[in-house]
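Trainee: I am new to this structure. Could you take me through a single part of it closely, and then show me what lies around that part?

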Amino acid sequence: MECTVVGGGVQALSTGVLLESLGHSTTMISDEFAYIDGSDDPPVATDYAAASVYPVQVESEYSEDELIRRAESTFEPFWESDGVPVRKHTHYYLYENAGDRHLPDRMGAQPVSQYDGEVPTRAGETVEGGYVCEEYFVEMPEYVPQLYHTYRELGGDIERRTVTATEVDNLAGIVFNCTGYGSRELFDDDSLRAMKGHILQVPYEDGPLPFSYTYTPSGYDDEYAYMYPRRETVLFGGSYLPGDIVDGQWVGESPDDPMTVDGVTIPRRLYDVTADIMSEYTDITPERIDAKYGYRPYRADGMRIERTGDIVHNYGHGGAGVSMSWWSALRAVSYIETVSEDVLPDVAAAVAV
Ligand SMILES: Cc1cc2nc3c(=O)[nH]c(=O)nc-3n(C[C@H](O)[C@H](O)[C@H](O)COP(=O)(O)OP(=O)(O)OC[C@H]3O[C@@H](n4cnc5c(N)ncnc54)[C@H](O)[C@@H]3O)c2cc1C
């Protein structure tokens, strides 16, 4: 079937690869392509994803545990496929404050109170709650270009331009709308917000480290900081600042307790927590940090995967766009043919080649 995919981020690329794998004839139209046009282009959220396979900051009709199961099961074939840069490592989800909390249905999750290994902890502090699990992690600087090249190898066409609202109805075939925050203007969707998030990295030659953490320190208003290990860097972040893009400029909340690194204003806790915990592995000093920020396409009405006429929407994934990408692509494509997770091992094999 003839299809047009609008967008050049992880949703468009996953949807495009899936459509091509199933024998459809597609053209992908986007003004920018994630990583192919560089890795610091704020309107393209995909350039900023860490990316752990764990859905956060996303609204949906499904429970958190259900989203976790779907994200993990759809990424499993990619983790199993040699040549796809998806790893599995230990994740520590920790709180300095004790409290009754739900143990999410993540791979191998066990309460930290039952874990007999060491857990990352700030000097002089004690971890009182949380859990330890395994998690899939995507090496985005390699993975996203691999998706793009797979799409091209499978026969997908590319057009580089902005799509306007007036021409949407005239695009060829079934149109898959994967424009993320761009849907605010393209489809007049004012339930979309641009959640600003920082990505901070320091070089790390002996990477990747075999663990990551999400750490809620006491004394920082119950907000956390996370660390993820990339192949050549230690990456950290954990900011979620609500806002909107108005006339090309982001307008929104500023951090309560700011500090500036690499010319970028960040919440201080991101630096404090990481400098403390990671000092036994590498120097985290302001001078060594490369800082950037992007915007998660958060949709208060829930991520939108639905068909209206000849348009299949697939956008609004907030902080879960990578995690839910294969599941979303399957759901979107199921509006034109019956398809199940069983196709994913073959798709993963194509991405690996
Ligand atoms: C700091 C940060 C950390 C994150 N960490 C994670 C994580 O660990 N795990 C995870 O799962 N997710 C994470 N995310 C979320 C994830 O990045 C997004 O959910 C995901 O990238 C959204 O993908 P998308 O393809 O829908 O949108 P985008 O990547 O924004 O792509 C939209 C595309 O549409 C194009 N476009 C828009 N309008 C038009 C138009 N009119 N015409 C033509 N082209 C258009 C844009 O150029 C762009 O290429 C993080 C996000 C941020 C900011």
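Mentor: Strand 9, residues 211-216, pairs with strand 10, residues 225-229, in the antiparallel sense. Three bridges join strand 9 and strand 10. Look for Y213: it stands opposite M227 in strand 10. Keep in mind that this is a predicted model.

Next, the ligand. There are 44 residues around the ligand, and G9, G180, G182, G197 and G321 come nearest. Strand 16 provides the largest share, four residues. By class, the shell holds 22 nonpolar, 19 polar and three charged residues.

Take its partner helix 6, residues 325-333: the two axes come within 9 Å and cross at roughly 55°. That angle makes helix 1 oblique to helix 6. The crossing is right-handed. On the helix 1 side, the contact uses V10, Q11, S14, T15, L18 and L19. On the helix 6 side are S325, W326, S328, A329, L330, A332 and V333. This contact has eight nonpolar and five polar residues, with no charged ones.

Helix 1 also meets helix 3, residues 140-153. Their axes come within 9 Å and cross at roughly 35°. Here the crossing is left-handed. Helix 1 brings V10, L13, S14, G16, V17 and E20 to this contact. Helix 3 answers with V144, L147, Y148, T150 and Y151. Seven residues of the contact are nonpolar, three are polar and one is charged.

Two residues of helix 1 link these views. V10 and S14 meet residues of helix 6, and V10 and S14 also meet residues of helix 3.

Conventions: Residues are numbered from 1 along each chain as its sequence is written. This is a predicted model: local features need pLDDT of at least 70, side-chain atom pairs count only at pLDDT 80 or more; totals for chains, interfaces and linings use all residues. A residue is near a molecule or strand if its C-beta atom, placed from the backbone, lies within 6 Å of it. Ala, Val, Leu, Ile, Met, Phe, Trp, Tyr, Cys and Pro count as nonpolar, Asp, Glu, Lys and Arg as charged, and the others, Gly among them, as polar. Axes are lines fitted to C-alpha atoms, for helices over the stretch in contact, and angles run from 0 to 180 degrees between N-to-C directions. Angles under 35 degrees count as roughly parallel, over 145 as roughly antiparallel, 65 to 115 as roughly perpendicular and the rest as oblique. A crossing is left-handed if the near helix is turned anticlockwise from the far one by less than a right angle, and right-handed if clockwise. Two residues are in contact if their C-beta atoms, placed from the backbone, lie within 7 Å. Two strands pair if DSSP finds at least two bridges between them.
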